[in-house]
Amino acid sequence: MGNSTPRKVLVAGASAGIGLGIARAFAEDGATLFLGGRNDQALAQAAQQFRGATPLVGDFSDSQAIGAALKAAGPLDVLVACYGDTDTPPGFDTDDAGWDRMVNANLSGPFRLAREAARQMKDQGHGAILFIGSICGHEVLGAPVGYNAGKAALRAVTKTMARELGPFGVRVNMISPGNVIFEGGRWARKRGADPARVAQMLDTAVPLRRFGTPQDIAAAALFLCSEQASFITGTDLIVDGGQTTGF
């Protein structure tokens with residue numbers, strides 16, 4: 001499904017889970033790979049899985065760290081922003097600091113990274129930017145309010161940047177995953193604590209009656225950033241086994 005020529009790809013949030021799965025898909029496609037994340041040890045372990053991959057350690061919601069990472073990587077063909085935060089109390093128990101952290105991690109940080117990469121891509125006349133959102137940006141499913149709001153607003157960023165950058169040959173898209181399970185992740189912990197309840201949730205809420213995997217999201221990411229998707233921009237592809245019902 002990939003391109004015929006190698007590409008330079010940065011996956012920010014690549015040390016585990018969905019981001020690591022996306023990185024693996026691009027590595028198998030022959031990309032020159034840069035892996036971004038905050039945890040230097042986890043990122044180094046991830047980079048060891050892919051020959052020639054370069055870890056870029058930093059806070060990818062901080063403008064200075066973003067600038068340093070993009071300077072180290074040089075002009076990119078593909079940027080994938082796959083990170084965020086969900087760890088706040090629910091609803092109106094979210095305090096100001098928690099709200100600010102949610103918005104920064106799920107909206108402002110990905111936008112800042114995409115903005116800086118877009119400037120490079122605009123000048124070179126091509127590129128693909130992919131945000132990883134969530135079905136919680138479409139429907140209220142129990143995630144914290146700051147997470148939901150950040151992911152919903154990221155959809156508006158996707159569509160706006162796609163319109164602005166299209167004339168320069170740069171495409172901007174988004175994937176909104178549903179429930180994705182992987183070792184060490186939230187759903188793996190929940191299933192370990194209460195397998196019967198999790199099984200019931202899958203049977204009643206997800207028509208395909210299973211979790212998604214990082215590979216499911218990675219396949220969609222590889223497609224949207226490929227030449228096969230050259231006429232697709234501004235879209236938000238939901239990959240959730242049929243869980244959401246909105247139009």
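Figure 1. The chain contains zero disulfides, a disulfide being a pair of cysteine sulfur atoms within 2.5 Å. The sulfur of Cys 82 has its closest cysteine sulfur in Cys 225, 12 Å away, which is too far for a bond. For Cys 136 the closest cysteine sulfur is that of Cys 82, at 14 Å, again too far for a bond. Cys 82 is buried, with a relative accessibility of 12%, and Cys 136 is buried at 14%; buried denotes under 20% relative accessible area, exposed over 50%, and partly exposed the range in between (1.4 Å probe, protein chains only). The model is predicted, so local features need pLDDT of at least 70 and side-chain atom pairs count only at pLDDT 80 or more, while totals for chains, interfaces and linings use all residues. Residues are numbered from 1 along each chain as its sequence is written, and side-chain values use heavy atoms, with hydrogens and water left out.

**Figure 2. Overall dimensions of the chain.** The chain holds eight helices and seven strands, assigned as DSSP runs numbered from the N terminus (helices: H or I, at least four residues; strands: E, at least two). Along the principal axes, the C-alpha atoms fill a box of roughly 50 × 40 × 35 Å. Of the 247 residues, 47% are buried. Among contacts with a separation of 6 or more, 68% join residues 24 or more positions apart, where contact means heavy atoms within 4.5 Å.

**Figure 3. Helix α5 and its cover.** Buried residues of α5 include Gly 146, Tyr 147, Lys 151, Leu 154 and Met 161. The cover over the buried residues of this helix includes α4, β5 (127-132) and β6.

**Figure 4. Asn 173 in strand β6.** Asn 173 belongs to strand β6 (residues 170-177) and is buried at 2% relative accessibility. Its side chain reaches the backbone nitrogen of Gly 234 at 3.1 Å. Beyond residues up to four places away in sequence, Asn 173 touches several residues, including Ile 129, Phe 131, Thr 158, Leu 224 and Gly 234.

Figure 5. Asn 179 lies in the loop between β6 and α6 (186-193) and is buried, at 14% relative accessibility. The side chains of Asn 179 and Gln 243 are joined by a polar contact of 2.9 Å; such a contact is a pair of N or O atoms within 3.5 Å, of which, within protein, one must be able to donate a hydrogen and the other to accept it, and residues adjacent in sequence count only if both atoms are side-chain atoms. Leaving aside neighbours within four places in sequence, Asn 179 also contacts residues including Trp 187, Met 201 and Phe 211.

**Figure 6. Pro 90 and Gly 146.** Pro 90 occupies the loop between β4 (78-81) and α4 (96-124). Pro 90 is exposed, at a relative accessible area of 56%. Although 56 residues separate Pro 90 from Gly 146 along the chain, their C-alpha atoms are 8.9 Å apart.
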